[in-house]
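Work through these exercises with the model open beside you. Try each task before you read its solution.

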Amino acid sequence: MTVGDITPNKEKGSGRSKHVADEKAPLIPKQQDEDAGHDEFNGASFIGAVFNLSTTIVGAGIMALPATMKVLGLILGVALIIFMAFLTDASIEFLIRFSKAGKTTSYGGLMGDAFGKYGKIMLQICVLVNNIGVLIVYMIIIGDVLSGTSSSGVHHAGVLEGWFGQHWWNGRTFVLLISTIGIFSPLACFKRIDSLRFSSALSVALAVAFLVIILAIAIFKLISGTVVMPRLLPDVTDLTSFWKLFTVFPVLVTAFICHYNVHNIANELKDKNQIGAVVRTSLASCSIVYIFTSFFGFLLFGDATLGDVLANFDTDLGIPYSYLLNDAVRVSYAAHLMLVFPIVFYPLRINIDGLFFPSASPLPQSTTRFAFITSGLLTLIFLGANFIPSIWVAFQFTGATAAVCLGFIFPAAVTLRDRHVISRKEDRMLAIVMIVLSVFSNMVLVYGNAISLLKKNQ
């Protein structure tokens, strides 16, 4: 259903009827009447949708996965990645199935259908918190990679500083300003998510390039006999090492979060019935990238694998052209995040518009509102990444909570609410598992972050 399918409301005096029409209208129409004369859009392709959803999934979290193998061992680590992919597929299937039953075409509309106005508002707030936090963290990482960082008390030179030395033009603030104006802003101005399919394809290619570099280095060192086969099972020797196993759950639980973009991508598909296949193809592709990155990252660095494996590429790898390969990894990763940025920004803008302008016309039809929200969000993210030093700490607490709500708690709650009486017994049991796992993951994460913060301040 598109905006063009919605007939004028015959009961003009009925505010309720008008609200229902707005609620169930797609966020991005297949073809705007205003644009029909010069921008015909016949629907997104299957492969373009796969690229966009895969880019939504593979963000910065890929760098933390090798460290999960160090804790869990290869067998348990790979098994949990596969398990989380299947659990994510089930949670998205809940969203799709209940959206069809309620004839809703957005995540917010689904939450509104199940829990009313406040359910929709809660969803929008979670997208706001999660996506703003993610985008600020992306910008912080890009600044660290390109311009260096001294946040830990020790200065780590960025790629540009290593190449050209310290200058005003490769300082952190200026580099991020140029990135925002020259890269983020143009990509953020697309009014359809399908328009990002080419940048998403390049983003996926850069993630694969990162994997290929790690693979090549690991094979070289394996042949030369400088690496050993990593542990297959976790090393549990006492109660402390046992509890450490649970610290990786938050990383794995949030590794496949992409739910806030599923409806946006589905609305633009030429054949909307393909969305299930798009989701499964994306999850399978990302699972393969995750498993190989985790395996070869852990194989390469062993017990020296850091929580963010990118930090391992800040030293001599003990192979020819080591520093050139280090720079290739870091630059490709920074470029990857730059291209992930607009795909995460897209649903943020839509949900901000729905939160603050719930009765307005669809966002793409209002150039002024579109420009105002886009420029305001980009400015907020830029300022947050440059001038609020403690913001990363804050989002370690709030961001993870919002992410698991979007990925598992909300889909499970909609299933248990079962407003249209379509859930099966196994659906309800799986929904309970999702909620328990999400709450447990959040408790572990909040406890771990609180302990780390207390130790740091002592």
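A nonpolar core is a set of buried Ala, Val, Leu, Ile, Met, Phe, Trp, Tyr and Cys residues joined through side-chain atoms within 4.5 Å. Keep in mind that this is a predicted model.

**Exercise 1. The core**

Task: Find how many residues the largest nonpolar core has, and which of them have the most contacts inside it.

Solution. Start with the chain. It has 17 helices and zero strands. Of its 458 residues, 51% count as buried. Now take the core. The largest one has 126 residues. Those with the most contacts inside it are Phe 256, Ile 275, Tyr 290, Phe 313 and Phe 410. Helix H14 gives the most to this core, with 15 residues. Next, zoom in on Phe 313. Leave out residues up to four places away in sequence, and Phe 313 touches Phe 210, Ile 214, Ile 217, Leu 300, Phe 301, Asn 326, Val 329 and Arg 330. Finally, step back to the whole chain. Among contacts with a separation of 6 or more, 81% are between residues 24 or more positions apart.

**Exercise 2. A cavity**

Task: Work out which residues line the second largest cavity, and which elements give two or more residues to that lining.

Solution. First, count. There are three cavities of 30 Å³ or more. Helix H9 (197-223) and helix H14 (322-356) are the elements that give two or more residues to it. Now sort the lining by type. Six residues are nonpolar, two are polar and none is charged.

**Exercise 3. A covered helix**

Task: Decide whether helix H3 is mostly covered or mostly uncovered, and say what covers its buried residues.

Solution. Helix H3 spans residues 65-72. Seven of its eight residues are buried, so apply the cut-off: buried means under 20% relative accessible area. The helix is mostly covered. The buried residues are Leu 65, Pro 66, Ala 67, Thr 68, Met 69, Val 71 and Leu 72. Their cover includes H4, helix H10 (239-244), helix H11 (249-253) and helix H13 (275-301). Just after H3 comes Gly 73, with a positive phi of about 85 degrees.

**Exercise 4. Cysteines**

Task: State how many disulfides the structure has, then check Cys 126 and Cys 258.

Solution. The search finds zero disulfides. A disulfide needs two cysteine sulfur atoms within 2.5 Å. For Cys 126, the nearest cysteine sulfur is that of Cys 405, 4.6 Å away. Cys 126 is buried, at 11% relative accessibility. For Cys 258, the nearest is the sulfur of Cys 286, 8.0 Å away. Cys 258 is buried too, with a relative accessible area of 0%.

Methods. Residues are numbered from 1 along each chain as its sequence is written. This is a predicted model: local features need pLDDT of at least 70, side-chain atom pairs count only at pLDDT 80 or more; totals for chains, interfaces and linings use all residues. Side-chain values use heavy atoms; hydrogens and water are left out. On a 1 Å grid over the protein atoms alone, a cavity is a set of points where a 1.4 Å probe fits but cannot get out, and a pocket is an open set with protein on both sides within 12 Å along at least five of seven lines; lining residues have an atom within 4 Å of a point. Grid points are joined across faces, edges and corners, and a volume is the space filled by probe spheres set on the points. Helices (H or I, at least four residues) and strands (E, at least two) are DSSP runs, numbered from the N terminus. Ala, Val, Leu, Ile, Met, Phe, Trp, Tyr, Cys and Pro count as nonpolar, Asp, Glu, Lys and Arg as charged, and the others, Gly among them, as polar. Buried means under 20% relative accessible area, exposed over 50%, partly exposed in between (1.4 Å probe, protein chains only). Contact means heavy atoms within 4.5 Å.
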